[in-house]
Amino acid sequence: MAGSSSWSRALMLISPYTFASIGIAISIGVSVLGAAWGIYITGSSLIGAAIKAPRITSKNLISVIFCEAVAIYGVIVAIILQTKLESVPESQIYAPESLRAGYAIFASGIIVGFANLFCGLCVGIIGSSCALSDAQNSTLFVKILVIEIFGSALGLFGVIVGIIMSSQATWPAKAA
Amino acid sequence: MAGVMQKFVLASMIMWLAPMAILYGFNHHIIPGSGQLSSSSQTLLSGFLAVISVNLVIVLYIIMAMKEPANRELQPDPAFLAEAKASINQSAATTSNHDAQSRDKVE
């Protein structure tokens with residue numbers, strides 16, 4: 001009876017559709033979590049600092065745009081992943097090719113979700129400091145914007161790897 | 001302020017619509033030449049073009065925002081400013097009065 005009930009067997013009998021759907025959910029859900037976190041951190045600092053220095057609002061909306069771009073990356077990858085989710089006939093559902101496709105979509109979703117989560121958080125905190133220091137001294141804005149651009153590149157890395165990962169998710173062709 | 005909001009809303013809408021349009025075009029083979037691509041290269045190309053379009057909108061918005069001249073029309077509320085100045089002058093007058101009184105008492 002060795003091997004008839006073991007963790008590896010249990011994990012392998014989870015349908016690849018489960019893994020793929022969870023990957024899609026994580027890619028959009030966790031990305032939006034990061035973007036929202038960033039926007040509310042930046043937004044509250046921006047509105048507070050604009051009381052005494054109303055001139056900062058026009059330029060500091062750039063930080064909010066960076067955070068929103070993080071959410072859009074999550075949506076782009078979720079749309080790409082859901083076009084990759086195909087039906088396979090029941091005989092093929094546990095074929096190695098199916099499992100590979102399910103795991104690839106799962107991994108792609110996790111990559112994009114968590115990269116965007118921390119990118120959104122990073123850009124949000126930098127954007128908040130940017131608004132506060134711009135209110136005091138407007139020459140500092142461009143220098144802090146450079147740091148923000150580096151921060152938003154983190155989300156870009158995650159999206160690139162996620163898209164490359166998902167492009168190889170091919171399900172087995174329907175058996176005759 | 002209204003101009004700032006208009007530009008922001010416009011940039012946000014384009015930032016959403018452009019990648020969606022690119023993905024839609026590739027998936028439904030509206031874009032010429034997308035029918036001949038294999039599935040994996042279609043995914044790669046559509047994904048990268050969508051991400052590039054988002055970044056392009058961001059760069060354009062940054063250029064538009066940096067070009068704006070620093071406008072002087074938005075100042076703190078003038079009544080608030082006048083009250084603040086009056087209170088500073090008043091406290092300066094009272095401290096000078098107190099200094100004068102303390103000098104008398106020491107004598």
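**Notes on a two-chain predicted model**

1. Let's start with chain A. Helices here are DSSP runs of H or I with at least four residues, strands are E runs of at least two, and both are numbered from the N terminus. Residues 22-81 of chain A come out at 90% helix and 0% strand, with end C-alpha atoms 11 Å apart. UniProt, in an unreviewed entry, puts the feature "domain: V-ATPase proteolipid subunit C-like" on both of these spans, 22-81 and 106-165 of chain A. UniProt positions follow the numbering used here, feature names are shortened, and annotations may be inferred rather than shown by experiment.

2. A word on ground rules. This is a predicted model, so local features need pLDDT of at least 70 and side-chain atom pairs count only at pLDDT 80 or more, while totals for chains, interfaces and linings use all residues. Residues are numbered from 1 along each chain as its sequence is written, chains are lettered from A and ligands numbered from 1 in the order in which they are written, and side-chain values use heavy atoms, leaving out hydrogens and water.

3. For chain A, the unreviewed UniProt entry lists "transmembrane region" at residues 20-40, 61-81, 101-128 and 140-165. Among them, 20-40 is 100% helix and 0% strand with its end C-alpha atoms 31 Å apart, and 140-165 is also 100% helix and 0% strand, with 39 Å between its end C-alpha atoms. Chain B gets the label at residues 7-26 and 46-64, again from an unreviewed entry. Residues 7-26 of chain B are 100% helix and 0% strand, spanning 29 Å between end C-alpha atoms; for 46-64 of chain B that distance is 27 Å, with 100% helix and 0% strand.

4. How do the chains meet? In all, 30 residues of chain B are in contact (heavy atoms within 4.5 Å) with 30 residues of chain A. About 2800 Å² is buried between them, 82% of it from carbon and sulfur atoms; that is the accessible area (1.4 Å probe) the two parts lose on being put together, summed over both. Trp16(B), Thr43(B) and Met66(B) supply 17% of what chain B buries against chain A, more than any other three residues.

5. Which parts of chain B do the touching? Elements giving two or more residues to that side are α1 (2-27) and α2 (39-67) of chain B, and α2(B) has the largest share, 15 residues.

6. One salt bridge turns up over all chains, the term meaning a side-chain nitrogen of Lys or Arg within 4 Å of a carboxyl oxygen of Asp or Glu. Arg55(A) and Asp134(A) form a salt bridge at 3.8 Å, N to O. Arg55(A) is in the loop between α2 and α3 (56-84) of chain A and Asp134(A) in helix α4 (residues 96-136) of chain A, so the pair ties together parts 79 residues apart in sequence. Across the interface of chain B and chain A, the rule finds zero salt bridges.
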